[in-house]
Amino acid sequence: MTIRVLIADDHEIIRDGLKQIIAMQSDMAVVGEAANGHELLVLLRDTKAHVLLLDMSMPGKSGIALIQHIRSSYPTLPILVLSMYQESQYAVQAIRAGASGYVTKSTASSQLIDAIRQIAKGGTAIPQGVAEKLVKQMHQPTPTLPHTLLTPREFQIFQLLVEGHAINDIAQALALSNKTVSTHKANILEKMDIPTTAGLVYYALKQGLIHEAP
């Protein structure tokens with residue numbers, strides 16, 4: 001059986017690289033590609049696929065919210081998340097939202113191909129550290145951390161804020177108005193009980209959600 005793969009990533013150069021890697025496999029074929037969440041949802045309605053290779057950060061609907069939407073509408077479609085984020089917290093959230101696997105963009109091509117084959121067979125492709133964290137949380141629930149109170153969209157904006165992106169840039173990247181992003185930011189600060197963006201950055205560093213620049 002040829003594994004039919006859909007690719008969703010907003011960077012054309014990434015999509016082209018993925019297509020080349022997959023084209024080298026005799027048992028795989030790319031059957032569609034999308035550059036944002038809207039394109040992907042349209043594509044899913046008309047294209048039969050065995051695996052969705054999904055970037056975590058795209059314009060419009062993306063990230064955890066998009067995973068949850070796809071899982072609800074296409075419950076049998078395995079999702080392999082391809083992310084720039086190394087931190088296990090992002091992977092844990094993706095798996096909890098319904099993804100079958102999680103790999104980073106620094107992953108070797110051979111590992112990516114193995115992960116696609118694994119989830120196409122109904123398995124999972126979860127890094128060991130992430131799997132251990134999931135098991136630990138199941139058996140030993142940790143105290144609720146402030147960032148876990150955020151909605152998927154708020155968490156996405158939180159990520160961008162602590163990475164240093166301005167309101168205008170976030171609005172453009174997510175296809176939202178500046179006012180909407182500002183409202184989300186205010187809600188984030190209130191929910192987390194942190195008064196400033198600098199405080200969010202400090203919190204993210206302390207929790208290992210981002211790393212200090214060398």
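**Salt bridges and helix packing**

Modeller: This is a predicted model, and searching the whole structure turns up 7 salt bridges.

Biologist: Nice. What does Lys 191 pair with?
Modeller: Its partner is Glu 154, with the closest N and O atoms 2.8 Å apart. Lys 191 sits in helix H9 and Glu 154 in helix H7, so the pair ties together parts that are 37 residues apart in sequence.

Biologist: And is Glu 154 buried or exposed?
Modeller: Glu 154 is buried, at 5% relative accessible area, whereas Lys 191 is partly exposed at 35%.

Biologist: What about Asp 55, which residue does its side chain meet?
Modeller: That would be Lys 105, in a salt bridge of 3.4 Å, N to O. Asp 55 lies in strand E3 and Lys 105 in the loop between strand E5 and helix H5, so this bridge joins parts 50 residues apart in sequence.

Biologist: Which residues are linked in a network of salt bridges?
Modeller: Arg 15, Asp 16, Lys 19 and Glu 33.

Biologist: Switching topic: how do H7 and H10 pack?
Modeller: Their axes are 9 Å apart, at an angle of about 95°. Angles of 65 to 115 degrees count as roughly perpendicular, so that word describes H7 and H10.

Biologist: Which residues of H7 meet H10?
Modeller: Phe 158, Leu 161 and Val 162, and they meet Thr 197, Leu 200, Val 201, Tyr 203 and Ala 204 in H10. By class, this contact has 7 nonpolar residues, 1 polar and no charged ones.

Methods. Residues numbered from 1 in each chain as written. Predicted model: local features only at pLDDT ≥ 70, side-chain atom pairs only at ≥ 80, totals over all residues. Heavy atoms only, no water. Axes fitted to C-alpha atoms, helices over the stretch in contact; angles between N-to-C directions. Helix = DSSP H or I, 4+ residues; strand = E, 2+ residues; numbered from the N terminus. Parallel < 35°, antiparallel > 145°, perpendicular 65-115°, else oblique. Contact = heavy atoms within 4.5 Å. Nonpolar A, V, L, I, M, F, W, Y, C, P; charged D, E, K, R; others polar. Salt bridge = Lys/Arg side-chain N within 4 Å of Asp/Glu carboxyl O. Buried < 20%, exposed > 50% of the residue type's maximum accessible area, 1.4 Å probe, protein only.
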